[in-house]
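Subject: Structure handover and notes

Dear colleague,

Please find the structure below, with the sequence alongside. My notes follow, and the terms are given with their cut-offs as they come up.

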Amino acid sequence: MLCEKEIIEVNDLVRIEFLFSKEEPYIGIITSIKDDLNFSKIFEALTNKGKLSAPLGVAKITKIKFNDVNDSD
C-alpha cells in the first residue's frame, strides 16, 4: 500500500488526515487493509479516537517512524 511515498502495512503507526475535512488528524495503528470492489482498498485502524474504517483514497496517511517520536523529547 503506497501513501506519502512510503509503503503502509498492517501494524504501522500512522497519522491519518482526511482530505477535504477540518477534523483533527488521527494517530493510530493500521489493523487491516482489504481489497474492495467500490473503493479499491479500505483500511482499518485503531486510533486515539476509536476504531476507524475508510477508503484509502479519502485520507492522507503518513507513517510515523520511531525516530520521529524520540526527536520530540
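A nonpolar core is taken here as a set of buried Ala, Val, Leu, Ile, Met, Phe, Trp, Tyr and Cys residues joined through side-chain atoms within 4.5 Å, where buried means under 20% relative accessible area, exposed over 50% and partly exposed in between, with a 1.4 Å probe and protein chains only. This is a predicted model, in which local features need pLDDT of at least 70 and side-chain atom pairs count only at pLDDT 80 or more, whereas totals for chains, interfaces and linings use all residues. Residues are numbered from 1 along each chain as its sequence is written, and side-chain values use heavy atoms, with hydrogens and water left out.

The largest nonpolar core has 13 residues, and those with the most contacts inside it are Ile16, Phe18, Phe43 and Ile61. Strand 3 (13-18), strand 4 (26-36), strand 5, strand 6 and strand 7 (59-63) each supply at least two residues of this core, with the largest share, 3 residues, coming from strand 3. Helices (H or I, at least four residues) and strands (E, at least two) are DSSP runs, numbered from the N terminus. On that basis the protein comes to 1 helix and 7 strands, in the order β-β-β-β-β-β-β-α from the N terminus on.

Of the 73 residues of the protein, 29% count as buried. The protein exposes about 5,300 Å², of which carbon and sulfur atoms supply 53%; accessible areas come from the Shrake-Rupley method with a 1.4 Å probe, and for residues only the protein chains shown count as cover. With contact meaning heavy atoms within 4.5 Å, residues 24 or more positions apart account for 40% of the contacts with a separation of 6 or more.

As for pairing, two strands pair if DSSP finds at least two bridges between them. Strand 3 and strand 4 pair in the antiparallel sense over 4 bridges, and Leu13 stands opposite Ile29 in strand 4. Strand 4 and strand 5 are antiparallel over 8 bridges, forming a hairpin with 3 residues between them. Strand 5 (residues 40-47) in turn pairs with strand 6 (residues 50-55), again in the antiparallel sense, over 6 bridges, and a hairpin joins these two through 2 residues. Glu44 takes part in both of the latter pairings, as the bridge partner of Ser32 and as the residue opposite Ser53 in strand 6.

A search of the whole structure finds 1 aromatic pair. It is formed by Phe18 and Tyr26, edge-to-face, at 5.9 Å centre to centre and 90° between the planes; rings of Phe, Tyr and Trp (its six-membered ring) pair if their centres lie within 6.5 Å, with planes under 30 degrees apart counted as stacked, over 60 as edge-to-face and the rest as tilted. Tyr26 is buried, with a relative accessible area of 11%. Lys49 lies over the face of Tyr26, at 4.7 Å from the ring centre, by the criterion that NZ of Lys or CZ of Arg is within 6 Å of the ring centre and within 35 degrees of the ring normal. Leaving aside neighbours within four places in sequence, Phe18 is in contact with Glu23, Tyr26, Leu52, Ala54, Val58 and Ala59.

Finally, Leu46 lies in strand 5 and counts as exposed, at 54% relative accessibility.

With best regards
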